[in-house]
Amino acid sequence: RPALPPARRGDELLWRCDGGYRVYAQDTPAAPTTQSRVRQSRRRNRPALHPLLAEARALFDAAGLNESGYVHPGKRMLVDLFVSRAALDAAFESTTKLFFAFEDRGYEVVLAPNGQGLHRADCEVRERGGKPFWGFRFWKPNRPTVVYLGTVAFGLTIFEMTEEAKVRYLDGKCVRESELSPADRRRSKERTETEWMSTRDMPTGRLCLKVFSPYAGVEWQKQWPEKVSGQLVAKIPEIVRELEAAAGPIAAEIAERERLADIERAKWQAEHERWVAGQPERDRQEAEKRRAENTKQSREQLLSVIETWATAKARMQFLDEIATAADSLPADQRAALLERLNMARELVGSTDVLKHFGAWRAPDER
């Protein structure tokens, strides 16, 4: 039987027919070594778009827009881009050059493989930031786009920044006041139900690259915003150097977190084993405690039954003596007394000793 090839990250190692728990191949994050940084020969006949972007371009071109003009593809298994229609060409061109620059250094750019536990960081698209705001619909992919330096993953998000601008709602879309045509300005003098003015965050045409650690608990991120459109391409060498410098510390932090997690797991396992080993003794102690409690309750109930019977017997003797004394009374007095005696017996209740004793439960019956 031929041997299976080595598993690559994201390959499924365990499959179940019921679709339950699955295991995926993973890499231990380690920074690239000098030997692993093999510069790839630059291809002269490179495509105009990186393969990840070539697959996505048609979907971005055909996608709808949100209220501020940002593209919202219907599919989410795509490269991580959030830009307006006007900035699509620049975004695809800059991102292609960035991805090829990584690959020239021997690094792999992919959509995050299955089972790696990689997460996408949120983005602040407003150029100057601000308080949390509502009503702005973001598009984001199902999986982050990552570049592997060695086996250390960095998340990549390219987005277009926004700025606050006065807009007018015309013909179902928001238009900047500064971009209104003379005809639109004349028409806007007469306000209608479908036309209103407000302030809104609008795309600027300037891109920003956000690189972040996609590992849970490892906080690292950096942004490269453009001050002038098209400036991102010139920053690519700096970006690559920054990530190469950060790969080692991130790998070390992950290794330290794993070491501490292993210590916690070993501690928990030891405590669990001690608990399992001590379970028979705890069961014996618990059974002894239950037996002692049952004996105590049984004794208290029996004493209560005896006390109840003693009280009932004394009442019965008292009533019997009254009945005996009634025999010496005249007939009319005896009849009245016996009637009252019957009423007293009903109030006292049953004096059957077997009935009271039958309600008692022995320790083994509890």
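Predicted model: local features only at pLDDT ≥ 70, side-chain atom pairs only at ≥ 80, totals over all residues.

User: Why is Gly74 called exposed?

Analyst: The relative accessible area of Gly74 is 80%, and a residue counts as exposed when that value is over 50%, so Gly74 is exposed. Its C-alpha atom is separated by 9.3 Å from that of Trp139, a residue 65 residues apart from Gly74 along the chain.

User: Why is Glu127 described as partly exposed?

Analyst: Glu127 has a relative accessible area of 35%; since buried means under 20% and exposed means over 50%, with partly exposed in between, the value for Glu127 places this residue in the partly exposed class. Glu127 is located in the loop between β6 (108–111) and β7 (145–149).

User: What is Glu127 in contact with, leaving aside its neighbours within four places in sequence?

Analyst: Glu127 is then in contact with Met161, Thr162, Glu163, Thr204 and Arg206, where contact means heavy atoms within 4.5 Å.

User: What does Gly69 touch, and where is it found?

Analyst: Gly69 is found in the loop between β3 (64–65) and β4 (71–72), and, not counting residues up to four places away in sequence, it touches Ser84 and Arg85. Gly69 and Met202 are 133 residues apart in sequence, yet their C-alpha atoms are 7.7 Å apart.

User: What makes α4 oblique to α5?

Analyst: The axes of helix α4 (residues 236–277) and helix α5 (residues 279–326) come within 4 Å and cross at roughly 45 degrees. That angle makes α4 oblique to α5, because angles under 35 degrees count as roughly parallel and 65 to 115 as roughly perpendicular. The contact involves Trp275, Val276 and Ala277 on the α4 side and Gln279, Pro280 and Arg282 on the α5 side; these residues divide into four nonpolar, one polar and one charged.

User: How does the reach of α4 compare with the expected span, and where does the helix kink?

Analyst: With 42 residues, α4 reaches 59 Å from its first C-alpha to its last, which is close to the 62 Å expected at 1.5 Å a residue. Buried residues in α4 include Ala247, Leu243 and Ile250.

User: How much of the chain is buried?

Analyst: Of the 366 residues in the chain, 33% are buried, and the chain has seven helices and 11 strands.

Technical notes: Residues numbered from 1 in each chain as written. Heavy atoms only, no water. Axes fitted to C-alpha atoms, helices over the stretch in contact; angles between N-to-C directions. Helix = DSSP H or I, 4+ residues; strand = E, 2+ residues; numbered from the N terminus. Parallel < 35°, antiparallel > 145°, perpendicular 65-115°, else oblique. Nonpolar A, V, L, I, M, F, W, Y, C, P; charged D, E, K, R; others polar. Expected span 1.5 Å × (residues − 1). Buried < 20%, exposed > 50% of the residue type's maximum accessible area, 1.4 Å probe, protein only.
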